[in-house]
Amino acid sequence: MKKLKTVAIVLFIANITFAQKIEKTLIGTWKLISVENTNADGTKTFPYETNPKGLLFLDDKGNYAIQIYKNERLKIISGDKNKCTPEENAAIVQGSNSHFGKYEIDESTKTITFKIETASFPNWEQTEQKRSYKYNNGQLEYIVVNTTQGGKSVTAKVVWKKL
């Protein structure tokens, strides 16, 4: 019985150590590589074009921040964001996505849960969103199943590279 307890304790510690190693691998700053949406009919689109800009920060205290932008965005003609035309406002909203809050990683299910506090898309605020992820050779890829562009009828594959 004593050996069984010892084995259980060793396995428990090994499991925690392995989970912390994975979590530490994901902690840091990431550069956005791509966002590819798949529509309900199977067609694919790139909502932030083919060379988007963005950063993902994951810290060791469970805080995160995400910023995503189209690579090329037109300047505001008036030079004052409070005096944008309706078209300029639409381009700003449609050309960016950001949110921040807390995150949790579940290594056993390969999911990241974002507990969104504040978002540029207000419908996401105070929600929790799970994303299945893959990590390989310094790249993090996750799937968004409730996007800002079509909700559940569109899924997005988001790819980040560790800086």
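In what follows, Ala, Val, Leu, Ile, Met, Phe, Trp, Tyr, Cys and Pro count as nonpolar, Asp, Glu, Lys and Arg as charged, and the others, Gly among them, as polar. The structure is a predicted model, in which local features need pLDDT of at least 70 and side-chain atom pairs count only at pLDDT 80 or more, while totals for chains, interfaces and linings use all residues. Residues are numbered from 1 along each chain as its sequence is written, and side-chain values use heavy atoms, with hydrogens and water left out.

I begin with the largest pocket. A pocket is an open set of points, on a 1 Å grid over the protein atoms alone, where a 1.4 Å probe fits, with protein on both sides within 12 Å along at least five of seven lines; lining residues have an atom within 4 Å of a point. The largest pocket holds about 350 Å³ of space, a volume being the space filled by probe spheres set on the points, which are joined across faces, edges and corners. Its lining has 14 residues, and R73, L74, I76, A91 and I92 are the closest to its centre.

Which classes make up the lining of the second largest pocket? Seven residues are polar, five nonpolar and none charged.

S96 is among the residues lining the second largest pocket. S96 counts as buried (under 20% relative accessible area, with a 1.4 Å probe and protein chains only), because its relative accessibility is 18%. The side chain of S96 reaches the backbone oxygen of I92 at 2.9 Å.

How values were computed:
Buried means under 20% relative accessible area, exposed over 50%, partly exposed in between (1.4 Å probe, protein chains only). A polar contact is a pair of N or O atoms within 3.5 Å; within protein, one must be able to donate a hydrogen and the other to accept it, and residues adjacent in sequence count only if both atoms are side-chain atoms.
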